[in-house]
Structure formats: structure tokens, C-alpha cells
Amino acid sequence: MQDKRQISLNVNGKEYSGEIETRVHLADFLRVNLGLTGTHLGCEHGVCGACTVWVDGQAVRACLMLAVQANGCDILTIEGLADGEVLHPLQKAFQENHALQCGFCTSGMIMSLAAYIRDNPGASERDIRTAISGNLCRCTGYQPIVAAGLQAAQEMSGTK
Amino acid sequence: MKPAPFTYHDPVTIDELNGLVGSLEDVKLLAGGQSLVPMLNMRYAQPDHVIDLNTVSGLDGIADNGEIITVGAMTRQAALMNNETVKQKIPVVCEALYWVGHFQTRTRGTIGGSLCHLDPAAELPAIALLYDAALTLSGPEGSRNVPMADWPVAYMMPNMTENEFLKEITFSPWQVDHSHAFVEFSRRHGDFAIVAAGCLLAIDNGMVERAAIVIAGANQVPYRLTEAEQDIIGQPASKETFKAAAEVARRQEAMSDAYVNAEYRQRLAGVMTERALSKAMERNSARD
């Protein structure tokens, strides 16, 4: 039995229409159907945060939403965050602070922090730590990620 | 692709929803999905039908008539947390929501989903209990109201039938001047609480005039600490009074699981009760 639906959505500025099985979650849809493998899947039950993307501008877990529910939505993934060749301030800060090692958590970290910093300009170190409390990293010990988050927060709020 | 096959339904009106819940069998209602989708992904839940409540109009929103605040079941946790009425009139809801998952799950998670999932450690059922909130259920047979005290029937089992859905929740903010607190203990922020405690506290001339205390995480369902509430009314709002309330919390039955035994939860229930009451008292003093 295959329950299918026609959906149309916008991913990183590009329109997509197609038929999908209704039980496919958004993260698998992005990775398998669209080939956007920058969105990672760790736990698939909402704990690790690796699959975080933006749906209509809000950070969500792409593994906890069915792709059919994204019908008509604007999705932004890590592949669409930079402005052409110009990195998002957070991507630049991650690079400068060596805020990644294996890179598995990185897209989720960045999509989470980018939304958080946008909505909370002037975020403190504690705020940054709370914001990524739902994103697991097993390499860095978090220190450089927090440093990158703070640097980007200061840059984006114009205090640096 | 992880969930087992199901048939997906996306009703637009409450009438359509009534028709579906009244006619289909082996159904799961999909609210924010922050608990159900993990269960689908892991195939703990393998329903024949999933009815998406996100497409139904008229199930979300926050209305205040001056005495009662009505919250639609599909109101997102983030919307609740950022609502001015909620912040002003029932601020303990916002304080508790800070502990609900993470900001990335509160964007999808709903108040109704949390109430129906009824995890023993969940914050929102505890808050609904703290306010003696009323839940409005709807279905093809009509509507009925369930007081929050009668909502948890057993572990993760709400007082609703397969032909019903949760429509809205009504909160009656205390009209008397009062303060509040919600505290929680978990190993990492965003983890399920091992034990959480919330309270509302009205203090007049240094004496406790009215009190409500709720505990989550300690046992199979959240509960009000009614004995302690009665004990502290008329007593001075002091550390000694709150210690006595904590003793009552410590004596309540608690559950054990693979990580935490009952004795530890009982001890924590006492500590959290005292902390919540002390925090509320400090807030009250700071305001005077």
C-alpha cells in the first residue's frame, strides 16, 4: 500500500513539485528526493538536532515533520544559507573558530544558531549555550561552537 | 523512509475532522509531531491512519475574555511563550515552556499535543493542573468538558475516547495578587525532567493566603500537592513553612525507572517544592 500525494514547495529559492509517499519525513525528502544531503540525520527522533532546517523562517526538526506537511512552505537548508559565494556570518565564524571537526552536527548547529541569533540579537554566551542544547556534537566539546555563535551574534547585532 | 505505511488525512474543517474520527479505526492524531513522529519513525506506533490536525482551521489561537483565557489545542508552544496575554496573566506558562524541549521543537510542538501525549515528566500538563484548567473535547457525539484533575487516567493515558479530539483548553488566571515559579531538575537542559515543580502563591501581610503546587516527573502522572497546599495556607511565608511542604512532597509515592529510583525522585520532589515556593516568595518580595 502506498499512500501518495502531490506537493509543491520552495526549497532554497527553487520551486519543487512532485509526488511523494505521505510517510516520508521532510529530512529524507530533502536528502533522497532532492539530493540535498547537507541536512544530516542522526537520531531521527528529535534529540540530536542534526536535521534542523527552516520552515517558513522557523527552525524545526526536519525528521519530525512529514514532507507532505511542508506542502506550500518555504524551506531553507544549509545549502541555501550563504548569499552566493558570500558566507553567512555564522558560517564564516564557524570557519574562523574551527567550530567543527567531523562536520556531522554542523549544518544543524548553524541552522539552529542562525535562527536564534536573528531572533535574539545580542545573545549572551549562556543564551547561545541554551540555543544549542538541542544539538549534539561529539567532537568539539562545544567551546569553539559557542565562540563562533557569540562572534556571529556580535557581528550581526553590530556590536563588533 | 522509516514510518510504517499509513493513510494520511488532512481535513480542513472541524466537521470533516469529526467525520474522520467518527468513522476510521486505528487512528493517530498528528498535532505538532514532536512526540508522535519519533514514535512513527521508530515504528513504536504503526497506525493505519494518521489524521493531520495542522490543516484544520479553528483549532489554534489564544483568546482572553478578561476572566478566562482560551487556548486552541493546536496553538504552538512558541506562540504561547511569546503571547503578551499569557506573559502578563499566566506567566508561569512561559516559565515552564522554557523547559519544554528546545526552541527548535517549540516551533512545531503544540499545547494540545503535549496534553494528549501526557508524558509524566511533561511541563504543560503540570501547568494545566496547577490552574485547574478545563479541557474541551469534541467528536461526532458532540462536545464535553473535562477538568484537568480528571484528565490523566493512567500512565500516558488521557481521559478521551478514540472518537474524540482535544479542541481547546481554558485557564482561569487567579484574580488575587500572586506570584509564581516553575523549577525543574534534569541532567541537561531540554532533557525530560526527572522531577519538576510549579507553584502559584498569594501572600498577604507575610502570610500565605492561597497556594497551588504541582509536581511532574515523580510519578506516573503529574499531581497536585493538595495536602501541602492546605497546610501552608494561613502560615507565614517562610523557609520553615516551605520545608514542611517539601516534607509532604517527599512522602508521596514515586516511580522508579532504569535511570532513577523512587527514593531519589521523592527527595527531588521535596527539593523542587521548596525551591519553587522560595522562588515565588522571592518574586513576591521583589515586587513589594
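These notebook entries record what I looked up in the predicted model.

**Conventions.** I number residues from 1 along each chain as its sequence is written, with chains lettered from A and ligands numbered from 1 in the order in which they are written. As the model is predicted, local features need pLDDT of at least 70 and side-chain atom pairs count only at pLDDT 80 or more, whereas totals for chains, interfaces and linings use all residues.

**Chain A, fold.** I find five helices and five strands in chain A; these are DSSP runs numbered from the N terminus, with helices being H or I of at least four residues and strands E of at least two. Read from the N terminus, the order is β-β-α-β-β-β-α-α-α-α. I note a radius of gyration of 16 Å for chain A, close to the 15 Å of the globule rule for 160 residues, so the chain is as compact as a globular protein of that length. That radius is taken over C-alpha atoms, and the rule is 2.2 Å times the number of residues to the power 0.38. The C-alpha trace spans about 55 × 30 × 25 Å along its principal axes.

**Chain A, packing.** Of the 160 residues in chain A, 47% are buried. With C-beta atoms placed from the backbone, buried denotes 20 or more other C-beta atoms within 10 Å of the residue's own, exposed 12 or fewer, and partly exposed the range in between. Among contacts in chain A with a separation of 6 or more, 59% join residues 24 or more positions apart; a contact requires C-beta atoms, placed from the backbone, within 7 Å.

**Positive phi.** I looked up two non-glycine residues. His98(A) has phi near 50° and sits in the loop between α2 (89–96) and α3 (106–119) of chain A. His98(A) is exposed, because 12 other C-beta atoms lie within 10 Å. Leu118(B) has a phi of about 60° and belongs to the loop between α7 (111–117) and α8 (123–130) of chain B. Leu118(B) is buried, because 22 other C-beta atoms lie within 10 Å.

**Contact between the chains.** Chain B contributes 24 residues and chain A 29 residues. On the side of chain B that touches chain A, β1 (7–9), α2 (36–41) and α6 (103–106) of chain B each supply at least two residues. I record that side as nine nonpolar, eleven polar and four charged residues. Nonpolar covers Ala, Val, Leu, Ile, Met, Phe, Trp, Tyr, Cys and Pro, charged covers Asp, Glu, Lys and Arg, and the others, Gly among them, are polar.

Methods
Contact = placed C-beta atoms within 7 Å.
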